[in-house]
Amino acid sequence: MTEGRWKWSPKATTVTTGLLVALALQNAVPPFATDMYAPSFPAITIDLSTSSGLIGLTLTTFFIGMGFGQLLGGAFSDQMGRRRTIIAGGLVCTLGAVGCVLAPSISVLIVARMVQGFGGGIAAATSRAVLVDLAVGSKLASAMSLMMAIGGVAPMVAPVIGGMIATVSTWRVVFWSLVAFGLVMTAVAFWMIPESLPPERRHRGGLRATVTGMGQIVRRPAFVGYLLVSSFSSVAMFAYIADSSYVFQGIAGLSPMMFSLSFALNAFVQMGAAFLNARLVIRFEPRKLLRFGLAMAAVSIILLGVSVFALGTPLWLTGAGFTFLMASQGFIFGNSSALALSHARDSAGIASAVLGLIQSLANSIAAPLASLGGSHTAVPMIIVMLVGSAIAWSAYLLARRADSHQHREAPPDPNETDTTDGPD
C-alpha cells in the first residue's frame, strides 16, 4: 500500500467512473440491507414468532442506526479525513450483519440491524462528502445522479437474490449474503477510494466544533429546505419498500420470486431515470428537474390512492403506481441532495451527515407505519405516502424562496456553476 492511498494527493481531485462505482457501493447498504430480506418478511414473521409490526421495526432500527452513523461518520471525516472513516464504517456494518445471522429472537435481530445500519451510515455519509470535495454546481448534481444510477443496480439485484434465497433456503442465508457484501464494500474502500480532504481543510475541535458546525448549517434555509425535500420524498419510497411485499404477496397473491422480479423492475426504472437526470442536468437546472420529479411522485401517489380506496387494489394499477413512484425518485434524490450540499461546501462531512440523519429518521418512522396493514390493507401505506409528498412539496417551496433570494443578493461565483434557476 502506497502512502498516497492513506494521505491526500492531487490524484484524489478527479471524479472517475471507478471512483463513482466505489462510492456507489458504500451507498448501496440501504438497498441491499432492506431489499434483500423484504421477500423473507413473511418467513421471518413465522420463524421468530413475531408480528408484521415488529418486522417493520427492524427497518426502523436499521435507519435509526444509519442516521446516527451518518452523523458521527460525517463529522469524524471532516476532522480525520474521508478514507479511514469509510473503511471503519464497512467493518461495523459487517459485524452487524453477523449479528443478524445469529439472532435467536426478534429483539436481537432489531439490535443487530441497528449496528448494521450504524456502520452503513458512516460509510454512506463519508462517501457523499468525497463527491462534495471534488465537484461543484451542476457537475455535483450530475455526479450525484450517476452515483445513484450506478447504485441503482443494488435494489435491482438485491430482491432477486433475496427472492431466490427465500425460495430455496432460509432467511438467515440472506444475512450471510449481507456479511459477504460488507466485506466486499470494505475491501473496495481500502483499495479504490483515495483521501479527498487535504489536512489543511480539516476541522479541529472535537465535539464542540461539530455541534457548532451543525448549528451553522441548519440555520441556512435553502439547505434545510432541500434537505427536507430529499428526506420526505424518501418517505414515500420506503413506505413502498416496507409494505410492497405484503401488498403483492398477501393481497395480490404473488410468489416471493414474482414479487422480487417486480421489485427489481421498479429498481431498474429508477436507475434509468437517474441516468437520464444525469444527462439532462447538463442542459436544465437541477431545480427544474427536481420539480418535475416531485410532480411525478404526486401523480403516482394519486394513482395508488385510487387503486386502494376506490378499486380494491388491482394488481395492474397498483403496480403502475409503484413504477411511476420509483421513476420519480431518479429526478428527486440526486438533485435535492446536490442542491442541499451546495449550500454547505465549507462543512461537507457534517452537511452530508445531517442530510443522511434526517432522511434516515424520516424513513425509520415511515416503515413501521406503512406496514401496519400487513397483508390485509394498503391504506396505512397510502396515508404515509400522502403525508411525505405534502411535506416534500412544502419544503420545496421554502427552498425555492430562500434559494431565489440568495441568488439575487449574492454576486456570481466564477468558480462554481450556479445550481438554481432564479425566480419562478
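Trainee: Is Trp393 buried, exposed or partly exposed?
Mentor: Trp393 counts as partly exposed, because its relative accessibility is 26%. Buried means under 20% relative accessible area, exposed over 50%, and partly exposed in between (1.4 Å probe, protein chains only). This is a predicted model, where local features need pLDDT of at least 70, side-chain atom pairs count only at pLDDT 80 or more, and totals for chains, interfaces and linings use all residues. Residues are numbered from 1 along each chain as its sequence is written, and side-chain values use heavy atoms, with hydrogens and water left out.

Trainee: Which helix holds Trp393 and Tyr396?
Mentor: Both lie in helix H16, residues 379-409. They are three residues apart, about one turn of the helix. Helices here are DSSP runs (H or I, at least four residues), numbered from the N terminus.

Trainee: And Tyr396, buried or exposed?
Mentor: Buried, because its relative accessible area is 0%.

Trainee: How many aromatic pairs are there?
Mentor: The count comes to ten. Rings of Phe, Tyr and Trp (its six-membered ring) pair if their centres lie within 6.5 Å; planes under 30 degrees apart count as stacked, over 60 as edge-to-face, the rest as tilted. Trp393 and Tyr396 form an edge-to-face pair, 5.9 Å centre to centre with 85° between the planes. Phe62 and Phe63 are edge-to-face too, at 5.1 Å and 85°. Both of those Phe residues are buried.

Trainee: Which residues do ring pairs link into a cluster?
Mentor: Tyr37, Phe41, Trp171 and Phe175.

Trainee: What does the side chain of Thr58 make a polar contact with?
Mentor: The side chain of Tyr37, at 2.6 Å. A polar contact is a pair of N or O atoms within 3.5 Å; within protein, one must be able to donate a hydrogen and the other to accept it, and residues adjacent in sequence count only if both atoms are side-chain atoms. Thr58 is in helix H4, residues 52-80. Thr58 counts as buried because its relative accessibility is 0%.

Trainee: What else does Thr58 touch?
Mentor: Leave out residues up to four places away in sequence, and Thr58 touches Tyr37, Ile106, Leu109, Ile110 and Arg113. Contact means heavy atoms within 4.5 Å.

Trainee: New topic. Which residues have the most contacts inside the largest nonpolar core?
Mentor: Leu109, Met381 and Met385, in a core of 113 residues. Helix H11 (residues 221-251) gives the largest share, 15 residues. Such a core is a set of buried Ala, Val, Leu, Ile, Met, Phe, Trp, Tyr and Cys residues joined through side-chain atoms within 4.5 Å.

Trainee: What is Met385 in contact with?
Mentor: Beyond its neighbours within four places in sequence, the partners include Ala236, Tyr240, Ile301 and Phe322.

Trainee: Where is Ser49?
Mentor: In the loop between helix H3 (41-47) and H4. Ser49 has a positive phi of about 50° although it is not a glycine. Ser49 is exposed, because its relative accessible area is 67%.

Trainee: Where is confidence lowest, and where highest?
Mentor: Lowest in helix H10 (residues 206-217), at a mean pLDDT of 70, and highest in helix H5 (residues 83-102), at 92. pLDDT is the predictor's confidence in each residue, from 0 to 100. The protein's mean is 80, and 87% of its residues reach 70 or more. Residues 1-12 stay under 50. Residues 410-424 are below 50 as well. Where pLDDT is low, the predicted coordinates should not be read in detail.

How values were computed: Helix = DSSP H or I, 4+ residues; strand = E, 2+ residues; numbered from the N terminus.
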